[in-house]
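The tour begins at one residue and then widens to the whole chain.

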Amino acid sequence: ALRDLPTYFVVGTADGLLSVNRNAYTLLQEAGNPNLAFVTFSGGHEYRAVDVEAMYLWLRRFER
């Protein structure tokens, strides 16, 4: 059901959820989802406005 859902991951390299996000990304890739992005940054589990803007611009490609 998630094979075509655009999914954008953004996670810090020191985030305790990094491996969970990588696993989810890999599963979606293996399911054949072509609409994926995986972005990492140096840091932990934190909010970064630059990532929100990048995700917004990426998601605009999927407007209908």
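**First stop: Asn-35**

Select Asn-35, which counts as buried because its relative accessibility is 18%; buried means under 20% relative accessible area, exposed over 50%, and partly exposed in between, with a 1.4 Å probe and protein chains only. The model is predicted, so local features need pLDDT of at least 70 and side-chain atom pairs count only at pLDDT 80 or more, whereas totals for chains, interfaces and linings use all residues. Residues are numbered from 1 along each chain as its sequence is written, and side-chain values use heavy atoms, with hydrogens and water left out.

Where in the fold does Asn-35 lie? Colour α1 (18-30) and β2 (36-41): Asn-35 is in the loop between them. Helices (H or I, at least four residues) and strands (E, at least two) are DSSP runs, numbered from the N terminus.

Next, display the partners of Asn-35. Setting aside neighbours within four places in sequence, Asn-35 is in contact (heavy atoms within 4.5 Å) with Asp-4, Leu-5, Pro-6, Thr-7, Trp-58 and Phe-62.

**Second stop: the whole chain**

Two helices and two strands are present, in the order β-α-β-α along the sequence. The C-alpha atoms fill a box of roughly 30 × 25 × 15 Å, taken along the principal axes.

Finally, colour by burial: 30% of the 64 residues count as buried.
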